[in-house]
Amino acid sequence: MRRWNGWGDESVEFALNEDALAFLALRIGAGKPAADAGFAQACAQIAPSRLPAHRLIDTSPEVRLRNALGQSLPDWLRLRYGVIGAAPDGVAFPESAQDVRDLLDYAQQFGVALIPQGGGTSVAGHLTAPGGVPSLTVNMTRMRQLVYLDTESQLATFGAGVLGPDLEAQLRARGYTLGHFPQSFEYSTLGGWVATRSSGQQSLRYGRIEQMFRGGSVETPSGTLHLPTFPASAAGPDLREMVLGSEGRIGILTEATVRVTAAPAYEAFHAVFFPDWTAAETAVRQIVQAGLSLSMLRLSNTLETTTMLALAGHKKLISVLEGYLSLRGCKEHKCMLMIGVSGRKSLARTALREALVLALPHGGVHVGRYMGEKWKQNRFRNVYLRNAAWGHGYAIDTVETAVDWPRVEIMMRAVEAAAKAALGSHGEQVHAYTHLSHLYAQGASVYTTFVYRLAGDYESDLARWKSLKKAASMAIVENGGTISHQHGVGSDHAPYLAAEKGRLGMSSLQAWFDHVDPQGIMNPGKLLP
């Protein structure tokens, strides 16, 4: 069963070993675990529903609690400490576009706010119920079937609530893949990927979701928006762009048609180490600008590299690796690059060989497939470390952005420094480290992780998070980054969106939302502040 107050399945644990705990204690101090609220205690806080009865709506406290929040740290704080606050008045589980249409008509009739939900993996506050008005969460995960696969055009149409593993299983059975693998892959949905402009770990080969999304159907309060598929069109602005990143503000995506490709015959992940960040960044920029047929480039800075090696276990094996790397010039400032290749074996191996040739003049040391394959095995499990860290008294949170190449290192240093200053104002230290998760010819995403100690009470921990989030977000804005490269905006990033869109851009978005949703019932408070 899925955890109600943490990440993933209750049966899956990804423990922090003693060496990892000693590593954290040395850097930020020993954590003190806090007592979690129980499920029954949290359910008891759910207020009586204000919704008129409807055949699709479940108003039980248990179901409402399990669908009330996402995976952001403020969501976790509310669940772990049992400070639930506003919760949806009910949860609906539509099974067809007509069911969604009925729910929209119901919501307009009774003045109910609708919150579209996929897998509930949002880390940006997309799912929070608005205060003051009745609200209904529309859980789309029963609309998960493969509707049609056009093998000639390589297009597949799915119900928008299909989870990542189910989507891939249905395609792989027919010899295809979407190739979209965000870290939340196991629990996130196709509709959620579209609504938040998601990016998968192998986007270098398969593209971001906006390259994959070719059309579909959206049920809006003003009617149905049909988006036909074309290989290309010059017929005015592309309406798909009005759906991508809309975060439930215009309606509910019921079906999505996506571009698929043949499942790769060969796939491999290799690790390369560089002596320092300057050498590593220069090398990956040259590799990505060479246009090689790679599926992934993921570069960790020095502190993330150190952290990954510390958390890996296998002390003797890591010690041997460290010794070898030191002999090759990769010592205390070393940075690790993961290179992924997918596709025809001959082409994939050629692309890898060319990438390694470009890495060599910058001190790149290729250590083979072992670490890359270990990363692949755990790439959807590493997020379970959030559960383990909480159990030892630590919080883990992230921010991510994207900038052009001249600002990449500046952004990385600024965000980490901002986080340290923010937690320092609370008398605490933060373990902040960064990687470039997606690389482009023009720049890269900059993804920073923060580990810090919990205070042990809701108000103090919320205050620490607010300080950290504001400082990191302001550092992003002040250094010319997008407020989100892959997590979306939600409510957590909404205060910083205007710096990117400008006054006219913000008013244009508001006008579009008002046009399709004149009563303002669709996910109010998200995306626009």
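## Charges over rings

R379 lies over the face of F181, at 4.9 Å from the ring centre. Keep in mind that this is a predicted model.

Another arginine does something along those lines: the charged end of R386 sits over the ring of W76, with 4.2 Å to the ring's centre.

## A stacked pair

Counting ring centres within 6.5 Å as a pair, you get nine aromatic pairs. Take F185 and F380: their ring centres are 5.0 Å apart and the planes meet at 25°, so this pair is stacked, the cut-off for stacking being under 30 degrees.

Where do F185 and F380 sit in the chain? F185 is in the loop between strand 7 (176-177) and helix 7 (190-196), while F380 is in the loop between helix 15 (370-378) and helix 16 (385-391). That's 195 residues apart, so the pair links distant parts of the chain.

Buried or exposed? F185 is buried, at 8% relative accessible area. F380 counts as buried too, with 14% relative accessibility; the limit for buried is under 20%.

## A tilted pair

F269 and W375 meet at another angle: their ring centres are 5.4 Å apart and their planes are at 50°, so the pair is tilted. F269 belongs to strand 12 (residues 266-274) and W375 to helix 15, so the pair ties together parts 106 residues apart in sequence. Both F269 and W375 are buried.

Methods:
Residues are numbered from 1 along each chain as its sequence is written. This is a predicted model: local features need pLDDT of at least 70, side-chain atom pairs count only at pLDDT 80 or more; totals for chains, interfaces and linings use all residues. Side-chain values use heavy atoms; hydrogens and water are left out. Rings of Phe, Tyr and Trp (its six-membered ring) pair if their centres lie within 6.5 Å; planes under 30 degrees apart count as stacked, over 60 as edge-to-face and the rest as tilted. Helices (H or I, at least four residues) and strands (E, at least two) are DSSP runs, numbered from the N terminus. Buried means under 20% relative accessible area, exposed over 50%, partly exposed in between (1.4 Å probe, protein chains only). A charge sits over a ring if NZ of Lys or CZ of Arg is within 6 Å of the ring centre and within 35 degrees of the ring normal.
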